[in-house]
Every structure is written in structure tokens, then in C-alpha cells.
Amino acid sequence: MENKKLPRITILGKRIILSLLAFMLIWPLTVGVYTLVYRGYTFIDRATFPGLDANLKETLDKTPPDAPETEKGAALSMALRNRLNQEMTSAFGWSVNDLWISPTRWLDNRGNRQKGTIFALRMLLGFSATHLSKLGAVDAENPLLKEAREKRFAFSEDSWWFPSTESEYRKGIALMQQYEAALLTNNAVFNMRSDDRYDLLSYITGKQFLDQPLGLLVQSNSEVSYTELDDRIYYTQGVVLVLRDVLTAIFHLYPEISEKGGAENIRIAMRGINQICTFDPLIVLRGDHDSVMADHRGKMARYLIAVRERINDVTQSIRR
């Protein structure tokens, strides 16, 4: 009896060993193939942004700190719209509103990054138009910026046509460009006083701006589905990409901010911002408590909290 059972056990053992070996080979092979495919995709459509756009660099190089306020205003306006323009002209364009049958509609990382981009533009343009484009609080808002923020950029980000999101956002960008041209011919107002810089930085670190993506990152894992993890990470990245352009412009155009003791805080804040702009894990994980897996959403939250606190320190140095 024992001799008859032995071959069956041996065959079963061999099958188990072969199955384990197949799994050990297929797993790294699958990861390797996925990695190659993803890297190929990112070669076509960028997923990390380690540096400023060349056009923004050129604009800032042509606008020194001692330039007239109108030129500074034009440069800051360009910095504000720059990220949206990059998304619109990227390899797959604005993909949030693509039809369900389009493969680009399923590229949710870029889609959520674009949603973060338009959120940041709406909020920062709202502040700029109502605080910086007029000489006094009771003055009328610049009509070009008013139309851009209330009509063009307020348009839904997922409309395919009649009209399409792209057409409305392009009109908004064109309106901002008209405002910039008017500034350069002294036919529009830009007025950023020291208290405006304080108010702007306070606004950035407050409930209406950075607290919005931060809330998406710090919510308990038990309240967030696994499929939403990457959505929240890349939405935050879109917000911070716009913020990086705007802060870089402000710190360049107004070096007195760093002269008041904010230089080290600015350096550390920009380092954290660049970490967010280059954050692109191959697979987003949700390690919880003492799990051995990474908690990518938590890591992004730590970066953002550090950035917010450093910007807040810079803000307080202006006030003193």
C-alpha cells in the first residue's frame, strides 16, 4: 500500500514545486514587462517634472527684480497659466474630457493631475484678479481677468463639445495673454505691495488652497478605496505644479522676501515641492499602520505638510 501511494505523493510534490517555480518566474517577468511598458509610455508622455518649463525660465530671465511692476505682473500671469498651457499642449492634450472609447480617457493619473492643475489656476487667478489687478479695494476688477476666471476657467473640465473644455480654456489663456500685453503697454494695472505678498502666501497655506489637496491625502485609509489612492496623489501633484511656477516667479521677482530671513525656508519648501513634482511610483501602495508596504499617499502628505509649514514660516518672516 505504501509503495503504491509514494508515486502519487511524488507527482503531487513535483506539481507543487513546478507551480511555485512558475509563480516565481512569472511574477518578476510580469513586473518587468509592466515596468518596460510604463517607461515607454512616460517617454512619450511625461509623468515627472523635475524642472521648470523652458518658456517660464526665459520669461523670468528677461524680468529682473528691478523691472517695472507691470513687467513683473506680466511674468507672474504667465507663470500662473503656464502649467495649464503645458497640459493642453502635451502629447495627449487635455484628456479629462475624452470619450470613454478613447484609450487616453483611462490614463487617470494624468487626468487627475490636470484636475489639480485647473483647481490651482482657478483659485490663484481668483486671488490675483481681485487683489493684484487693481490699485484699491473698491476699484473694478480687470475685465479680461474677470471673464477668464468667471466664464472660461470656471467651465467644466470634462465637456467634450458644445463647447469643448479645450476651447474654453484656450479662450481663458488668450484673455490672460491680452492682460499681459496690456500690462506691457501700461494699459492695465498690477499692484503687489508687501501686504499683498503676505496675503497671497497666507492664502496659499490656508483652507481654500493647500488644505484642499491635503485633506485628500490625510483621510484615513479605511475611508478611501484602493482605486482612489493614485487619483488623490496625482491631483495633489497637479496643484503643486502650478504652485511651483507661481512661487518661483514670486521669489525671483521679489527677492526681499528671502532677505527678511526666509531664504532657508524657501530652499527647503522648494525642495519639498520638487519631490512632489517628481513623485511617480510604479504601483501606488496603501501600507497601513505597521504594514511592510509603502504608504504612498501618506508620503505625499508628509511632503505637502512640510511645504505648507515652510511657506507659512516665510509668510511670518514678511510680517515681522
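So, searching the whole structure turns up 3 cavities of 30 Å³ or more. By cavity I mean, on a 1 Å grid over the protein atoms alone, a set of points where a 1.4 Å probe fits but cannot get out. Grid points are joined across faces, edges and corners, and a volume is the space filled by probe spheres set on the points.

Before I go on: this is a predicted model, so local features need pLDDT of at least 70, side-chain atom pairs count only at pLDDT 80 or more, and totals for chains, interfaces and linings use all residues. Residues are numbered from 1 along each chain as its sequence is written, and side-chain values use heavy atoms, with hydrogens and water left out.

The largest cavity holds about 150 Å³ of space. It has 16 lining residues, and closest to its centre are Leu76, Leu80, Leu124, Ser128 and Leu132; lining here means having an atom within 4 Å of a point. Two or more lining residues come from each of α3 (69-88), α4 (108-131) and α6 (165-184). Helices are DSSP runs (H or I, at least four residues), numbered from the N terminus. What classes of residue make up that lining? There are 12 nonpolar, 4 polar and no charged residues. For the bookkeeping, Ala, Val, Leu, Ile, Met, Phe, Trp, Tyr, Cys and Pro count as nonpolar, Asp, Glu, Lys and Arg as charged, and the others, Gly among them, as polar.

The second largest cavity has about 60 Å³ of space. Its lining includes Arg46, Asp53, Arg83, Arg244 and Asp245, and the class count is 3 nonpolar, 3 polar and 5 charged. At least two lining residues each come from α3 and α9 (229-253).

Now something open. A pocket is an open set of points with protein on both sides within 12 Å along at least five of seven lines. The second largest pocket has a volume of about 230 Å³. Of its 13 lining residues, Val96, Arg105, Asp108, Gly111 and Lys115 lie nearest the centre, and the lining splits into 4 nonpolar, 4 polar and 5 charged.

Zooming out, the chain has 11 helices and 0 strands. Its C-alpha trace spans about 100 × 50 × 35 Å along the principal axes. Of the 320 residues, 47% are buried, where buried is under 20% relative accessible area, exposed is over 50% and partly exposed is in between (1.4 Å probe, protein chains only).

Phe162 and Pro163 are joined by a cis peptide bond, omega about -15°. Phe162 is in the loop between α5 and α6, and its phi is near 60°, positive in a residue other than glycine. Is Phe162 buried or exposed? Exposed, at 71% relative accessible area. Asn186 also has phi near 60°; it sits in the loop between α6 and α7 (194-205) and is exposed too, at 59%.
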